[in-house]
Amino acid sequence: MSQFKELTLQGLWKNNPGLVQLLGLCPLLAVTATVTNALGLGAATLLVLLGSNIAVSLVRNHVASEIRIPVFVLIIASLVTVVQLLMNAYTYDLYLSLGIFIPLIVTNCAIIGRAEAFASKNPVLPSAIDAIMMGLGFMLVLLALGAMREVLGQGTLFDGADLLLGDWAKVLRIEVFHADNHFLLAMLPPGAFLGMGLLIALKNTIDNKLKQQKTVEKGSIARARVTGAAQ
Amino acid sequence: MSFKIASSPHQHNQRSTAHIMRLVALACLPGIAVQAVLFGYGVLIQLILAIVTAWLSEALILKLRGKPVFARLKDNSALLTAVLLAVAIPPYAPWWIIVIGTAFAIIMVKQLYGGLGNNLFNPAMAAYVLLLVSFPLQMTQWLPPLSLQSVDLTPLDAVCSIFTHYSCSGFSLSQLQANIDGITMATPLDTLRTDLSRGLTLDESLNRPVFFAFAGTGWLWVNLAYLAGGLLLIQQKIISWRIPLAVIASLFVLSAIATLAAPDTVAGPLFHLFSGGTMLAAFFIATDPVSASTTNKGRLVYGALIGLLVFLIRNFGGYPDAYAFAVLLANMAVPLIDYYTRPRTYGHRPRSELK
């Protein structure tokens with residue numbers, strides 16, 4: 001169980017693919033203009049990552065190491081095609097709005113990175129857990145950035161959630177404030193870069209605070225002097 | 001704290017940062033006064049809003065960063081950023097425009113990079129670009145000079161339209177922009193740009209009432225006032241003459257050549273020098289000691305680059321005026337310019353004599 005805990009911590013925080021490894025920045029920055037888009041792409045990436053980690057882990061002892069990269073790419077590409085066709089069939093509007101970024105999941109370094117770094121060296125169950133946690137970590141960053149940009153940009157949250165989840169999801173749409181003028185920068189690519197920078201800065205600040213707390217706790221042990229007063 | 005803006009050997013200057021910043025802000029006063037008299041009092045309200053926002057956001061972020069608040073606030077650099085942004089935006093823009101812009105300039109562009117002296121970009125111009133990209137409509141609603149307006153604007157009207165989007169008598173900004181015939185009037189640069197794109201020649205466009213002599217009505221005097229303030233700064237040795245001269249000279253030469261080559265479609269050099277933000281940018285914005293080049297040769301290159309970019313964007317680009325973009329792009333080039341224009345160190349021979 002400690003391995004499970006470690007994998008969770010690595011995927012969600014310490015080694016987060018979005019905030020720490022900075023992998024897959026292209027889709028991360030491009031599609032996070034709204035929470036719905038972020039959720040759609042995050043879920044698609046998570047599915048592909050899960051499938052690819054399991055598949056790679058299954059074949060890891062049968063593939064010669066010289067040709068492992070082409071094999072991984074083939075596995076990932078076929079999984080992406082599956083996800084793309086599924087989205088085309090069931091969430092057509094979202095499929096249109098995500099556009100080229102669904103097929104581009106193939107090139108998301110986070111996926112081949114996990115295949116190479118983890119799944120090709122570990123049994124199926126840890127690989128699957130690693131995929132879920134890494135995928136969740138990526139999705140959470142997408143969601144945070146998407147929420148930030150959507151609130152700043154148009155003052156709403158979950159706008160167009162029905163495209164992803166079906167008609168009932170129209171009730172999810174929250175209007176945080178009414179904006180006559182959309183704050184275009186937040187929705188344009190520069191806003192994505194600024195928001196990403198702020199998120200990374202926030203994570204580093206929290207890490208530094210935690211580190212400081214740890215050292216304070218360690219340092220607070222008073223040293224008893226037994227050899228008389230210092231000169 | 002004083003700026004060390006020259007390479008060695010250092011000459012000491014008794015002026016503190018606070019003193020320099022205050023003098024630069026004071027030198028803006030003639031320009032601001034002319035703008036207030038000719039274009040209405042909106043600019044004064046924008047100034048107040050900008051300065052208050054700048055001080056509040058500077059105090060807030062200094063507190064967050066654990067720095068001494070009052071010692072840093074006293075250096076007047078936030079004040080100067082606020083003044084430059086307030087005179088650069090349209091005087092009757094809604095209040096939240098200047099608040100968002102100033103807060104962004106101080107918090108993101110200046111303090112997140114490490115505070116005064118560490119910012120890569122000119123804070124006022126980065127904020128201007130943010131506003132122009134985000135709120136294109138509000139950032140281009142310039143009212144014509146008071147003498148051309150069909151409705152008389154009182155100072156109270158300025159307050160009303162900035163805070164409620166409508167003047168006290170209920171006119172919206174786009175109604176105020178229209179002349180007595182109901183035709184919307186824009187800035188001289190904007191008007192010229194639109195006319196040229198509609199196939200009119202330069203002479204036909206210059207007959208419109210927003211133009212006066214060789215430049216825009218009102219804009220000519222605003223630019224002359226900033227020129228006077230800038231010359232005062234040079235006389236006081238607050239800024240070096242190199243950057244303003246290079247900006248003005250390169251814009252002058254390029255537009256002179258272009259207007260000789262295509263007299264019907266490119267405005268002459270005098271029009272370019274006395275329209276839009278030329279004088280303000282050349283003397284007050286491009287000379288920012290933090291983000292500009294610091295070597296003597298480099299300053300000439302930096303200024304000339306700004307002039308070139310402004311000429312290109314005004315004549316071939318997508319915006320009528322371009323100082324903010326030009327200054328930011330030149331800011332990016334500054335490390336490279338400084339690297340290649342390092343002055344000879346005292347006691348060393350120039351590289352060419354070594355062989």
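Predicted model: local features only at pLDDT ≥ 70, side-chain atom pairs only at ≥ 80, totals over all residues.
Leaving aside its neighbours within four places in sequence, with which residues is Val83(B) in contact?

View 1. Once the neighbours within four places in sequence are set aside, Val83(B) is in contact with Ala25(B), Cys28(B), Leu47(B) and Ala50(B).

**View 2. The largest nonpolar core, which has 109 residues.** Val83(B), Leu85(B) and Tyr128(B) are the residues with the most contacts inside this core, and helix H5 of chain B, spanning residues 77–88, supplies the largest share of the core, 10 residues. Apart from this core lies another one, of 46 residues, which includes Phe72(A), Ile112(A), Phe118(A) and Met139(A).

**View 3. Packing of helix H6 (residues 95–111) against helix H7 (residues 123–134), both of chain B.** On the side of H6(B), the contact is made by Ile97(B), Ile100(B), Gly101(B), Thr102(B), Phe104(B), Ala105(B), Ile106(B), Val109(B) and Lys110(B), while H7(B) contributes Pro123(B), Ala124(B), Ala126(B), Ala127(B), Tyr128(B), Leu130(B) and Leu131(B). By residue class, the contact of H6(B) with H7(B) comprises 13 nonpolar residues, 2 polar and 1 charged.

**View 4. Where chain B touches chain A.** Here 4 residues of chain B are in contact with 5 residues of chain A. The side of chain B that touches chain A divides into 3 nonpolar residues and 1 polar residue, with no charged residue.

Notes:
Residues numbered from 1 in each chain as written. Chains lettered and ligands numbered in written order. Axes fitted to C-alpha atoms, helices over the stretch in contact; angles between N-to-C directions. Helix = DSSP H or I, 4+ residues; strand = E, 2+ residues; numbered from the N terminus. Contact = placed C-beta atoms within 7 Å. Nonpolar A, V, L, I, M, F, W, Y, C, P; charged D, E, K, R; others polar. Core = buried A, V, L, I, M, F, W, Y, C linked by C-beta atoms within 7 Å. Buried ≥ 20, exposed ≤ 12 C-beta atoms within 10 Å, placed from the backbone.
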